Amino acid sequence: MGANRKKKAKTIALRKSLKTKLISLNDSRLKTGGKISKEKLKKKQKSQAEEMQVKKVKPITSAMFFAYNTKLGPPYHILVDTNFINLSLKNKLDVHKGSMDCLFAKCTCYITDCVLAELEKLGPRYKMGLKAARDPRFQRLPCVHKGTYADDCIIERVNQHKCYIVASCDKGVRNRVRKIPGVPIMYISNKRYTIERMPDAFGAPKV
C-alpha cells in the first residue's frame, strides 16, 4: 500500500511540474509577440514602398553652372547683405573699391529693401552701416514680398536671377548659397575681400 501511495504522489508531482512548464496557446505573452511581429512587418513594407517611390528633384537651369552661365561676367553684379556692410566698415574697407580690387573688373553693388530695413532696425549703434548703405553708388532693389528677413530675400533673388555674386560674411547665408550651383560668394578674409566658387575663365584670384 505504501508503495502505491508513493507512485501516485510522484505522478501528481510530475503532472504539476509539466503544467507549470507548458504555456497555454491563449497566453498573453504569445499575443504580444504576434503584435510586435506584425508591427515589424508593416515597418518593413513601408520602408520598401518608400524606396520604390521615385523622388522628384527640382530642375536646375544650365545657366546656374559656370560652364554655361553667360550672365556671370564683368561688369559684376554684387548683392550685399547687412553683415557684409557692417564688417566692411569694421575692417575699414570700401565696398565698391574693395570689390573691384578683388575681381579686377568693374562692379555694381546692389542692396535690397530688406537689407536697408534690417540696418534701420539695428538702431543707432549701426548708424554708420546705414549711412554707407544709403550711398548713391548702391543700386536699390525693391522688395515686393512680405516681411523683412534679408537672408531669405537674398536666397530667393539669387534663385530667380542668375547674374549675382553674393557678398556675405554670415556662415548661415554662405552655406545656403553653396547649395545653389553657379553662385559665387564674396567675403572678408585677412582684412580684404576674397571670392570663392568663381570660374577660372574670368581671371578672378583663387582663395
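Start at Cys109. Its sulfur sits 6.5 Å from the closest cysteine sulfur, which belongs to Cys107, and that is too far for a bond. The cut-off here is 2.5 Å between the two sulfur atoms. This is a predicted model, by the way. Its disulfide count is 0. Cys107, for its part, is in no disulfide either, with the sulfur of Cys109 as its nearest at 6.5 Å.

Are these two cysteines buried or exposed? Cys109 is buried, at 1% relative accessible area. Cys107 counts as buried too, because its relative accessibility is 10%. The threshold for buried is under 20%.

Now, who else is there? Ser99. Ser99 belongs to helix α4, residues 95–103. Its relative accessible area is 0%, so Ser99 is buried. What does Ser99 touch, beyond its neighbours within four places in sequence? Both Cys107 and Cys109 are on that list.

Step back for a moment. The protein has 8 helices and 6 strands. From the N terminus, the order is α-α-β-α-α-β-α-α-β-α-β-α-β-β. Of the 207 residues, 35% are buried. Take the contacts with a separation of 6 or more: 65% of them join residues 24 or more positions apart.

Next, helix α8, residues 171–178. Which of its residues are buried? Val173, Arg174 and Val177. Look down the axis of α8: those buried residues fall within an arc of 100 degrees, so they line one face of the helix. The cover over them includes α7 and β4, along with β5 (185–189) and β6 (192–196).

How does α8 begin? Asp170 caps its N-terminal end. A side-chain oxygen of Asp170 lies 2.9 Å from the backbone nitrogen of Gly172.

You will find Lys162 in the loop between α7 (150–160) and β4 (164–167). Lys162 is a lysine that counts as buried, because its relative accessible area is 17%. Where does its side chain point a polar atom? That atom is 2.7 Å from the backbone oxygen of Asn159. Lys162 also pairs up in space with Gly182: 20 residues apart in sequence, 8.0 Å from C-alpha to C-alpha.

Last stop, the largest pocket. How much space lies in it? About 310 Å³. The pocket is lined by 17 residues, and the closest to its centre are Thr82, Asn83, Asn86, Leu87 and Tyr126. Two elements give two or more residues to that lining: α3 (82–90) and α6 (127–133). Helix α3 has the largest share, with 6 residues.

To recap. Over to you for comments.

Conventions. Residues are numbered from 1 along each chain as its sequence is written. This is a predicted model: local features need pLDDT of at least 70, side-chain atom pairs count only at pLDDT 80 or more; totals for chains, interfaces and linings use all residues. Side-chain values use heavy atoms; hydrogens and water are left out. Buried means under 20% relative accessible area, exposed over 50%, partly exposed in between (1.4 Å probe, protein chains only). Helices (H or I, at least four residues) and strands (E, at least two) are DSSP runs, numbered from the N terminus. A polar contact is a pair of N or O atoms within 3.5 Å; within protein, one must be able to donate a hydrogen and the other to accept it, and residues adjacent in sequence count only if both atoms are side-chain atoms. The arc is that of the directions from the helix axis to the C-beta atoms. Contact means heavy atoms within 4.5 Å. On a 1 Å grid over the protein atoms alone, a cavity is a set of points where a 1.4 Å probe fits but cannot get out, and a pocket is an open set with protein on both sides within 12 Å along at least five of seven lines; lining residues have an atom within 4 Å of a point. Grid points are joined across faces, edges and corners, and a volume is the space filled by probe spheres set on the points.
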